[in-house]
Amino acid sequence: MSVLNFNVGILGHVDSGKTSLAKALSTIASTNAFDKNPQSQERGITLDLGFSSFTMDIPEHLSNSNYKQLQITLVDCPGHASLIRTIIGGAQIIDLMFLVIDVTKGIQTQTAECLIIGEITCDKMLVILNKIDLIEESQRQATIDKMTKRLRKTFESTKFPQTPIIPCSASSSLNLNDVISTLQSHIYIPRRSPDGPFIFSVDHCFSIRGQGTIMTGTVLSGSIRINDSIEISSLKEVRKVKSMQMFRKPIDRAMQGDRIGLCVTQFDPDQLERGLISTPGIIKTFHGFIIRIHKVKHFKHEIESRTKFHITCGHSTVMGKIILFADHSDDKDEKFNFGKEYEAIEQYPTDDSIGNTQIFALVELESTIVCQLESILIGSRLDTDIHANTCRLAFYSHVLDGFTDSEYLNKDIPNKLRIYKRKEKIGYIDRLVDDQTIIGKDLFQKETNINSFVNFKVELNPTGEQGFIESPFGQSGKFKVRFMNGLLDETKQSLSSSTSKGRKQQAKTTTNDEGEKDSSDTHQRIRIVLKFKKYLFQEKTVITQ
């Protein structure tokens with residue numbers, strides 16, 4: 001019988017009843033379901049991902065598919081703010097999200113963060129309005145209607161404006177049939193293909209005496225059979241699959257989307273808590289990423305270049321510094337194009353100024369991340385006070401490209417990535433030489449190699465004449481500027497009269513200081529503007545216009 005495994009993530013604020021809902025719906029529990037972790041039991045909250053399942057018939061709207069039975073795998077995510085890394089990791093393997101909300105409290109801080117994670121990671125969501133049994137029966141419907149109206153207003157500005165809202169009580173099983181029937185009507189056939197390399201996201205690893213080491217997780221791509229070779233990516237160790245189970249039932253093959261346990265031998269489970277295993281040689285270890293960055297609209301702070309964020313990809317969270325750059329061209333590429341030039345920017349632009357510009361970032365990781373390209377990546381400020389009523393999720397993306405060499409900043413980046421920074425220098429006119437030539441000053445330091453700027457265009461402001469730097473002049477940082485079309489008459493007249501006035505005033509010792517000031521003021525009013533590009537990450541300074 002062909003079984004479709006459909007992964008449903010259960011997210012929400014701490015103590016909203018997520019684990020109770022998973023327990024009420026499930027018929028089969030995994031080894032780590034329902035807060036079996038001793039620390040979870042001690043603290044009374046979910047501390048890790050929990051997995052459980054139940055089966056149902058294929059819904060009528062999918063009756064023409066090749067599947068005959070539907071297995072729902074519930075991914076119970078923790079709700080406490082300090083466990084947001086685990087929540088993000090769990091959300092990246094789901095097909096649909098349950099957002100659980102306590103009807104007596106409504107949207108809370110972590111509810112909002114879970115909603116944002118849902119917007120980033122999946123396209124379908126059902127809202128479970130839990131704990132309705134805590135409301136007096138006489139006031140229950142009115143309270144539900146009032147809360148539903150408030151939630152509808154909140155969801156208007158999200159990707160889930162028409163999401164179903166199902167009131168229920170997980171602890172008393174009130175209206176659970178409505179939850180199941182609504183879920184059944186929203187089931188769809190996710191992308192499931194046995195083709196391509198096998199990649200498996202491991203969320204638990206433990207040993208069973210006499211059998212071997214069990215790795216439980218979700219198949220992200222490809223398929224796997226007993227006796228196939230797999231590689232533990234972070235350790236570069238290869239093992240053979242001895243046996244497999246899907247919720248306690250032996251299987252000999254699994255494919256994309258399936259929730260399974262793999263058994264291998266001669267592997268210490270303490271070496272792998274979470275991570276990726278795959279067809280040997282497929283998964284890489286990255287020291288840096290290229291991403292196209294999207295700001296989370298609820299993040300209230302500026303996203304500035306060269307600042308650090310918590311970078312979460314899969315089950316890994318590390319610190320990383322971002323360097324922002326923009327593509328202003330009209331032709332946009334699906335993949336990152338190393339053949340283009342990009343402009344370095346200081347911060348993520350405002351919504352009304354971004355226009356058609358694509359914003360990218362180079363992410364310099366402080367610790368390596370093992371992942372596949374196109375993986376979802378989320379940048380956060382997890383050091384923010386968890387009691388502050390503020391969104392900690394800053395941006396999201398997919399990994400477009402990455403660097404596997406630890407020396408990538410010195411080896412790969414200078415040769416592959418062309419990022420320039422716009423520069424502008426302001427100088428002033430020292431004196432007029434002839435109708436086409438001036439001597440400029442204050443544009444360069446004395447020690448600057450002015451020859452690097454020879455033939456660079458300059459413009460006089462506010463008069464507008466355009467010329468080019470012809471050569472250095474002397475040893476003090478002065479330079480000669482040539483204007484092929486000549487200077488405007490009013491510019492020459494202004495410079496000539498101020499120079500003449502300055503000379504006359506110099507002859508009068510009693511008014512010497514004032515005369516020099518008059519001459520200087522006229523010259524200072526006309527500025528020499530030099531604009532150029534300086535390229536980042538180059539061993540030697542590279543400048544162009």
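A salt bridge here is a side-chain nitrogen of Lys or Arg within 4 Å of a carboxyl oxygen of Asp or Glu. The model shown is predicted, and by this rule it holds 20 salt bridges.

**View 1. The salt bridge of Glu346 and Lys421.** The side chains of Glu346 and Lys421 meet with N and O 3.0 Å apart. The pair links distant parts of the chain, 75 residues apart: Glu346 lies in the loop between S22 and helix H7 (351-354), and Lys421 in strand S26 (residues 418-434). Lys421 counts as partly exposed because its relative accessibility is 29%.

**View 2. The salt bridge of Lys478 and Asp430.** Here the N to O distance is 3.4 Å. Lys478 belongs to strand S30 and Asp430 to strand S26, 48 residues apart. Lys478, at 23% relative accessibility, counts as partly exposed, whereas Asp430, at 18%, counts as buried.

**View 3. A network of salt bridges.** Asp327, Asp333 and Lys340 are linked in this network. Between Asp327 and Lys340 the closest N and O atoms are 3.0 Å apart. Asp327 is in strand S21 (residues 316-327), and Lys340 is in the loop between S21 and strand S22 (341-344). Both Asp327 and Lys340 are buried.

**View 4. Buried residues of helix H6.** Leu176, Val179, Thr182 and Leu183 are buried in H6 (residues 176-185). They sit on the same side of H6, because they cover an arc of only 125 degrees around the axis.

**View 5. Asn485 in its loop.** Asn485 is found between strand S30 (478-482) and helix H9 (489-507). With a relative accessibility of 79%, Asn485 counts as exposed. Its C-alpha is 8.3 Å from that of Gln466, 19 residues apart in sequence.

Note on methods:
Residues are numbered from 1 along each chain as its sequence is written. This is a predicted model: local features need pLDDT of at least 70, side-chain atom pairs count only at pLDDT 80 or more; totals for chains, interfaces and linings use all residues. Side-chain values use heavy atoms; hydrogens and water are left out. Buried means under 20% relative accessible area, exposed over 50%, partly exposed in between (1.4 Å probe, protein chains only). Helices (H or I, at least four residues) and strands (E, at least two) are DSSP runs, numbered from the N terminus. The arc is that of the directions from the helix axis to the C-beta atoms.
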